[in-house]
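Here are some notes for a reader who is opening this structure for the first time. Please keep the model in view while going through the points.

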Amino acid sequence: MKKKSDAELTYHSQAEVESLGTEVAEMTEASQQAKELPHASGVYLMRDEKGTIIYVGKAKDLRKRVTSYFLANRSPKTAALVRKIVRIEHIITGNEYEALVLENNLIKKYTPHYNISLKDGKSYPMIRITNEPFPKVFKTRRIIDDGSSYYGPYPDAGKLELYLDLIAKLFPLRRCSTPLKKRDKPCLYYHIGLCSGPCAGLISEAEYNKSIQAVKNLLEGHTEHLVARLQEDMLRASKALNFEEAAIKRDQIEAIKTIETGQQVQDFVQESRDYAAIEMRGPLCTISLMQMRDGQLIGRALYRAETFGDETETLLNFLVQYYADGLKLPQFLYVSHEIDVQLIRRYFSEQLGGRLDVNLPVDGKHFRILRMARENATRDVEKRLKGRDNSQALDSLARVLNLPAPPALIEGFDIAQLAGKYTVASLISFRDGNPDKPNYRRYNIKSLGGQIDDFESMREAVARRYSKILNENLERPDLLIIDGGKGQVNAAREILDDLGMFDIPIIGLAKEFETIVFDDDREDLRLPLDDEALRLVIAVRDECHRFATSANQAARSREASFRVLESVQGIGKKRSEQLMKQYGSIEALLAKTPEDLAKEASLPLPVAQRLIKQLSL
């Protein structure tokens with residue numbers, strides 16, 4: 001695979017920039033500088049008061065992109081970045097592709113604080129098999145471009161140690177330094193049966209490489225021959241009344257089965273695929289990467305950062321950095337957000353010499369695996385968010401809203417729909433300023449009959465939630481936040497007053513200018529975008545919206561599942577509904593054998609076989 005030299009991947013010098021027909025401009029006042037940028041593709045560099053580059057970005061239109069940072073309705077995270085900007089520089093490029101290449105080079109050169117960096121990732125260990133005569137097998141966290149084979153990464157350190165322990169017991173591989181040094185006599189490991197003595201010429205390279213191939217088979221999940229051999233050894237030892245040896249072989253077989261049982265994703269397709277999903281909560285970002293090789297999940301990793309890019313540009317930047325050495329390119333890459341597919345394909349082809357098929361799946365098995373990656377990213381970023389101290393924000397919120405005390409329990413409502421077909425209200429809960437996910441709820445709105453009416457949807461959802469609180473004497477929230485303006489707030493207030501729950505204050509957040517709307521005659525309140533109280537209200541609103549939207553997507557995904565099932569000969573509408581009611585998801589169906597499925601769901605065996613085959617495609 002072609003790989004650019006270090007010289008080709010370094011930052012463009014001024015002479016190189018000028019030769020490309022580009023220009024660097026330095027201006028004085030940040031917002032004014034943004035307005036003076038050209039309508040051209042290029043890269044922008046933001047510096048703080050010390051002259052340090054804190055963020056690098058690319059744009060198809062520099063002026064449109066950079067001025068968006070200074071709009072009145074910008075997000076709190078953007079406002080926080082803008083406060084730090086003292087000077088903006090720009091480099092004009094011939095097209096967006098040149099901008100992508102240059103942006104990546106500048107990020108590698110300057111490692112700006114607010115760009116995502118692989119160094120911020122959670123580094124998981126891997127297993128390395130060296131590329132040399134008589135290879136070594138060992139644990140590492142560093143990839144070296146020398147032809148070595150790498151397996152992992154392994155988030156579960158226990159599983160990695162189980163692999164290494166099994167390899168040490170099954171295969172007498174060398175443990176000495178690299179490169180191999182010749183000896184007259186082998187070391188102690190040879191005498192205790194843990195090394196085959198290549199240093200002393202006691203094994204040929206061809207014979208040694210048979211063990212290396214067996215190790216690779218084990219790490220790749222191809223264990224049939226190995227298990228068969230161990231079973232023969234166990235039987236032979238048992239017949240010879242060597243029960244201790246037979247027990248060792250039995251335990252080794254069980255260890256291999258344990259490893260295979262831990263392989264949660266398997267689809268029996270002989271190809272390499274990566275799945276990259278990103279989740280952001282404010283400036284906090286987590287990217288989850290899952291690697292499938294020959295049908296098995298061989299690696300999972302999380303990469304964390306604090307960034308001021310959005311999901312699309314941050315994911316694109318990550319992918320360019322992650323695959324920069326050209327060594328890890330899979331055949332297929334599936335992503336969670338819409339990135340510029342043509343742009344990144346061209347980058348992989350021209351810069352790395354590799355062809356990569358990039359897709360955004362919306363259903364099917366790739367969507368399901370990507371959903372697992374996204375769930376991993378979600379859990380991680382929310383765990384990081386929960387670890388933050390929000391006491392100052394809660395105190396500030398109590399002051400600006402004139403509450404009797406900081407709101408320990410906040411609940412939020414949002415409504416999402418798709419053309420009125422799937423109308424879902426989401427209720428989220430924040431405890432001490434952090435998400436309290438066990439108390440999240442969803443309400444499928446039943447009173448609209450396919451019509452779109454946010455106010456009526458809000459009335460139904462609030463009535464259902466707080467009637468339950470009243471009837472079961474549950475804890476009441478200290479504050480209710482509505483995603484919407486005066487109309488939604490009044491609709492919620494009307495229901496709470498009817499229930500006699502006058503003591504629960506309600507505010508809304510109108511999105512255009514992040515304006516706080518009250519449930520009484522107080523005037524609307526616009527706080528500075530970097531205000532701690534507003535930051536918390538926005539966090540509640542954004543989480544409401546995310547949760548409502550995910551429910552909406554789940555409903556659409558469920559309908560897509562019905563279509564998939566009904567595409568199988570022998571399964572109609574009634575039978576597909578029965579299967580989804582019985583098993584709940586396509587994943588649960590895939591976990592069944594055709595025989596079990598036929599028995600449990602009362603299906604003819606040929607229909608069950610066709611169904612499993614179709615779902616596995």
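1. In this predicted model, helix α18 (residues 573-583) and helix α20 (residues 594-601) have axes that come within 12 Å and cross at roughly 100 degrees. Angles of 65 to 115 degrees count as roughly perpendicular, and α18 and α20 are therefore roughly perpendicular to each other.

2. The contact between these two helices involves Gln-578, Leu-579, Gln-582 and Tyr-583 from α18, which meet Leu-597, Glu-600 and Ala-601 from α20. By type, the residues of this contact divide into four nonpolar, two polar and one charged.

3. Next, the sheet. Three strands form an open sheet in the order β7-β6-β8, and the pairing is antiparallel. β7 and β8 stand at the edges; each has a single partner strand, so one side of each is left without a neighbour in the sheet. On average, neighbouring strands of this sheet are turned by 30 degrees against each other, direction ignored.

4. How many bridges join β6 to β7? Strand β6 (residues 126-129) is joined to strand β7 (residues 137-140) by four bridges, and the two run antiparallel. Met-126 stands opposite Thr-140 in β7, while Ile-129 has Val-137 as its bridge partner in that strand. With strand β8 (residues 149-151), β6 pairs in the antiparallel sense over three bridges. In β8, the bridge partner of Ile-129 is Ser-149.

5. Both faces of β6 are covered. Met-126 and Arg-128 are buried on one side, and Ile-127 and Ile-129 are buried on the other. Helix α8 (residues 205-219) lies across β6, β7 and β8, and runs at about 155 degrees to β6.

6. Is His-337 buried or exposed? Its relative accessible area is 15%, and buried means under 20%, so His-337 is buried.

7. Which residues does His-337 touch, not counting residues up to four places away in sequence? They are Ile-278, Glu-311, Thr-312, Leu-315, Leu-360 and Arg-374. Thr-312 is 25 residues from His-337 along the chain, and the C-alpha atoms of the two are separated by 6.1 Å. The side chain of His-337 also makes a polar contact with the side chain of Ser-336, at 2.8 Å.

How values were computed:
Residues numbered from 1 in each chain as written. Predicted model: local features only at pLDDT ≥ 70, side-chain atom pairs only at ≥ 80, totals over all residues. Heavy atoms only, no water. Buried < 20%, exposed > 50% of the residue type's maximum accessible area, 1.4 Å probe, protein only. Contact = heavy atoms within 4.5 Å. Polar contact = N/O pair within 3.5 Å; in protein donor to acceptor, adjacent residues only side chain to side chain. Pairing = 2+ DSSP bridges. Axes fitted to C-alpha atoms, helices over the stretch in contact; angles between N-to-C directions. Parallel < 35°, antiparallel > 145°, perpendicular 65-115°, else oblique. Nonpolar A, V, L, I, M, F, W, Y, C, P; charged D, E, K, R; others polar.
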